[in-house]
Amino acid sequence: RLKRKPMSFVCYPCSMTGLRLWALLSLAIPVQAEFRWSTLKSARSDVQLHRAPTALAEVAADGSLNSSSETADSIKDILQEAILVAKLEDKLEAQSLQKGLSAPALIAEAKALLRRELRSVQPTVAGKHKVGVVIMADKTFQERYKAQIQSVKCFVQNQGYDLFLLQGKEFAKCDRFQGSSDKYFYLKHCAVAELLAQQAPKYVLAVLDADVAAIVMDRSLSQWTDSKGDLQFYERIAGDEVMAGNYIAKNVPWVRQFLHTWADMLDVKPPGFSSCDNGALHLMLVKALELDGSSDVEVLYNNLTAKVDNLDPYWNFVRTSKKVLGPPRAWNMNRTKMGRDNGCGSPLGDSCILTVWPRMNFFVDDGAYLNFHANHAIGPVMHHGIKQPDDVSSFYFKDLWKCKTNEEKVILTADAFGHEVLNVAEGYTQFYQRGTCRQCVERCAANFTCPPLEDDETAPVLVQQVQDGKPGDQGSPERKTSPANKSVSPQTFLEVESYESYMGRLPPRPVIWHRMMEHQTSFINP
């Protein structure tokens with residue numbers, strides 16, 4: 001009943017589209033009816049991918065692929081797509097039985113599925129570098145945050161980067177994350193992984209929340225994209241959390257697996273408040289890095305049953321995970337199972353680095369704590385948590401649609417800006433280390449040069465955690481965990497209508513008065 005239709009051809013310098021689709025058609029995909037093969041053949045002419053040219057490649061009659069230029073990863077991707085098409089055929093057959101579709105109708109449905117599975121997402125703005133920026137927001141939120149998105153467009157156009165605007169429906173592999181709003185947070189990371197898989201090897205994506213405003217147009221992301229980190233996160237300025245909404249991801253196998261595994265943590269989301277993907281990230285980090293104490297963190301995560309009106313269990317979980325992680329560091333994944341499974345550290349593989357940046361040293365940070373200021377040479381180039389479009393169009397920019405920034409209001413001298421952020425750091429002694437270490441406030445805060453520690457670097461002074469007015473330990477270079485922090489969480493303010501219905505991420509805490517907003521804001525104190 002199964003048929004094979006082998007074929008042989010030579011694809012001269014052409015698009016990756018032709019290579020991949022012809023490879024799919026010639027890899028001896030089993031077919032169960034003649035219209036199935038017609039579907040694949042006709043879909044080939046309809047599906048167009050955005051790919052760089054490739055050198056000579058040949059698909060032999062036995063289905064093998066010969067190419068002097070294709071990497072092992074690319075060949076593996078082609079085989080995975082062939083398997084995907086076979087799975088799609090099974091899915092289509094089941095649908096035809098359920099829906100009673102005729103052969104022509106099924107062919108049309110097959111074309112639509114194949115377009116969706118194999119079509120590369122085109123950038124809204126096409127750049128010239130192997131660097132892109134991606135924002136995921138549905139049509140409603142793209143309209144709500146159009147000013148913020150326009151500021152990012154200005155930035156990528158100035159820097160020659162790609163800009164991808166996703167709605168969350170681009171990848172069938174991520175369909176299971178559709179539905180409720182809390183699923184959308186997990187959907188984002190699945191979509192980023194799938195978008196990366198469509199790009200060239202080692203292509204870099206800066207992933208943004210929609211409420212991010214780009215404010216420094218003349219400084220690129222190279223300080224971070226050119227660093228050795230394949231996957232880069234950062235600590236929030238005035239909070240315990242590692243931030244989940246903004247990060248940098250490179251197109252390498254272990255990063256894509258990390259992102260998919262992170263998204264799949266929707267399946268183990270606890271019944272209480274866990275801040276969705278943000279809480280899940282903390283458990284994901286300690287487990288992926290295989291740190292001592294990760295099992296304790298997992299127990300706390302699974303036992304999050306309290307709702308958002310009682311945040312003590314959540315903050316206890318976050319602080320415990322941060323103690324296990326220790327000071328911000330550039331972790332080498334070569335020793336981990338995730339790293340080994342993806343060729344990290346092998347003779348033909350690269351070192352695989354997961355970086356957590358210290359507070360105020362990433363390319364984006366919470367704008368309110370930076371007093372909505374920036375500098376051309378130092379500090380973040382984007383501000384997170386900018387909710388009001390008027391703040392972008394009237395404060396950050398003189399003419400947003402012509403990309404003219406408001407230099408007089410936003411840009412400070414390096415000395416003035418450094419003085420401001422040093423005051424912030426000194427005001428949150430529980431989050432910033434004092435002393436002369438490489439990550440200590442006096443040494444690096446004012447000029448934004450606090451580095452992540454190296455993988456095997458011993459912190460000369462342990463990061464301090466204020467507990468009942470007394471400093472305590474947090475983390476250690478030996479990757480050992482200390483007892484869970486049982487202290488009561490600091491007072492937290494939220495802007496929510498109903499705690500019972502609120503299941504999203506927490507905003508920066510405490511939410512401070514937004515000096516650019518004209519209307520009065522009411523705070524609910526839990």
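This is a predicted model: local features need pLDDT of at least 70, side-chain atom pairs count only at pLDDT 80 or more; totals for chains, interfaces and linings use all residues.

Reader: Why do the residues of a strand fall on two sides?

Author: Because side chains in a regular strand alternate between the two faces of the sheet.

Reader: What makes strand E8 "mostly covered"?

Author: A residue is called buried when its relative accessible area is under 20%. In E8 (residues 204–208), 5 of its 5 residues are buried. For the whole protein chain, buried residues make up 55% of the 526 residues.

Reader: How do you know that E8 pairs with strand E6 and with strand E11?

Author: Two strands pair if there are at least two bridges between them. E6 (residues 131–136) is joined to E8 by 5 bridges, and the two run parallel. Between E8 and E11 (residues 247–250) there are 4 bridges, in the antiparallel sense. As examples, Val133 has Ala206 in E8 as its bridge partner, and Val207 stands opposite Tyr247 in E11.

Reader: What makes E9 and E14 edge strands in their sheet?

Author: That sheet is an open one of 3 strands, in the order E9-E15-E14, with mixed pairing. Strand E9 (212–214) and strand E14 (364–366) each have a single partner strand, so one side of each is left without a neighbour in the sheet. On average, neighbouring strands here are turned by 25° against each other, direction ignored. E9 and E15 (residues 382–384) pair in the antiparallel sense over 3 bridges, and Val212 stands opposite His384 in E15. Helix H6 (residues 146–159) lies across E9 and E15, at about 35° to E9.

Reader: Now the rings. Why is the pair of Phe273 and Tyr314 called edge-to-face?

Author: Ring centres must lie within 6.5 Å for a pair, and planes over 60 degrees apart count as edge-to-face. The centres of Phe273 and Tyr314 are 5.4 Å apart and their planes stand at 75°, so the pair is edge-to-face. It links distant parts of the chain, 41 residues apart: Phe273 is in the loop between helix H9 (253–264) and helix H10 (276–288), and Tyr314 is in helix H12 (residues 312–325). Both Phe273 and Tyr314 are buried.

Reader: And why is the pair of Phe155 and Tyr161 called tilted?

Author: Stacked needs planes under 30 degrees apart and edge-to-face needs over 60, with the rest called tilted. Phe155 and Tyr161 have 55° between their planes and 6.1 Å centre to centre, which makes the pair tilted. Both of these residues are buried as well.

Reader: Which residues form one aromatic cluster?

Author: Phe233, Tyr247, Trp254, Phe258 and Trp262 do.

Reader: How do you know that the charged end of Arg144 sits over the ring of Phe141?

Author: The distance part of the rule asks for CZ of Arg within 6 Å of the ring centre, and the direction part for a position within 35 degrees of the ring normal. The charged end of Arg144 is 4.5 Å from the centre of the Phe141 ring and sits over it. Arg329 likewise lies over the face of Trp331, at 5.4 Å from the ring centre.

Terms used
Residues are numbered from 1 along each chain as its sequence is written. Side-chain values use heavy atoms; hydrogens and water are left out. Buried means under 20% relative accessible area, exposed over 50%, partly exposed in between (1.4 Å probe, protein chains only). Rings of Phe, Tyr and Trp (its six-membered ring) pair if their centres lie within 6.5 Å; planes under 30 degrees apart count as stacked, over 60 as edge-to-face and the rest as tilted. Axes are lines fitted to C-alpha atoms, for helices over the stretch in contact, and angles run from 0 to 180 degrees between N-to-C directions. Contact means heavy atoms within 4.5 Å.
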